[in-house]
Amino acid sequence: MEAAGLEWLLGPMQQLVSWGAAGAMVFGGVVPYVPQYRDIRRTQNAEGFSTYVCLVLLVANILRILFWFGRRFESPLLWQSIIMIITMLLMLKLCTEVRVSNDLNIKRRSFSDFDLNYFWHWSKFTDYVQCVLTFTGVTGYITYLWLDSSLFVETLGFLAVFTEAMLGVPQLYRNYQNRSTEGMSVKMVLMWTSGDTFKTVYFILNKAPLQFSICGLLQVFVDMAILLQVYLYSSYPQKPASHTTHPASTKAL
């Protein structure tokens, strides 16, 4: 009788924990960007945030959605990608508006210029949307043609999670260039680290495709490297590295 009662209690609890974990997977990835978004809106300065982070996440999550069509994985991971794409577009919109408002004399650049020197450094948010739609259309068409190839599908899955694993690299490099982490939200990186750790454990426990687990571990390593930069640059301040000014290299966009 007691065993039956205990089983009746554990069943709903396990279901509740499962729902909680799924919810954390769907929305947990976007939470780190809330403090960064608020900081940029408050200071009207986006210089400390690398929008290449947005580029990495947009590419990674578009590829992950395409991978889903070839090899179905858990729905929370699919919804996580959709929510992340929306979040990154909102971050790009804010950063673009702030940069343009602060640099009134800057020459306007657009996606249709097809100038690689200004790639991902455009003046309007609509240019970023055009780029994302173009990338989605091209990769979607290629995926449609090769969807029956297991090698292509597995390679697509690896590229999706490996690209996401490189998420922190643009921020890592930007901090190295500036010899400072000023303008970067430390809360964001701490949330990256905790979220990526949870995500990697989730992948392992739920037996997600192997690519997910390996690249999750790599992502945690990059997060830890950025936290090490926070400690080093705050404890041992350094002068910014001298490098030739490039129209694209000095801007967060």
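1. Helices are DSSP runs of H or I with at least four residues, and strands are runs of E with at least two, numbered from the N terminus. Arg-38 sits in helix 2. This is a predicted model: local features need pLDDT of at least 70, side-chain atom pairs count only at pLDDT 80 or more, and totals for chains, interfaces and linings use all residues. Residues are numbered from 1 along each chain as its sequence is written, and side-chain values use heavy atoms, leaving out hydrogens and water.

2. Arg-38 has 61% relative accessibility, so it counts as exposed (over 50% relative accessible area, with buried under 20% and partly exposed in between; 1.4 Å probe, protein chains only). Between Arg-38 and Ser-185 lie 147 residues of sequence separation but 9.8 Å in space, C-alpha to C-alpha.

3. Helix 2 (residues 33–43) and helix 4 (residues 75–102) have axes that come within 10 Å and cross at roughly 15°. Axes are lines fitted to C-alpha atoms over the stretch in contact, with angles from 0 to 180 degrees between N-to-C directions. The pair is therefore roughly parallel (under 35 degrees; over 145 is roughly antiparallel, 65 to 115 roughly perpendicular, the rest oblique).

4. Contact means heavy atoms within 4.5 Å. Helix 2 contributes Tyr-33, Gln-36, Tyr-37, Ile-40 and Arg-41; the helix 4 side includes Met-84, Met-88 and Leu-94.

5. Helix 3 (residues 52–70) also pairs with helix 4: the axes come within 9 Å and cross at roughly 150°. These two helices are therefore roughly antiparallel. Among the residues that meet are Leu-57, Ile-62 and Trp-68 of helix 3 and Leu-78, Ile-85 and Leu-92 of helix 4.
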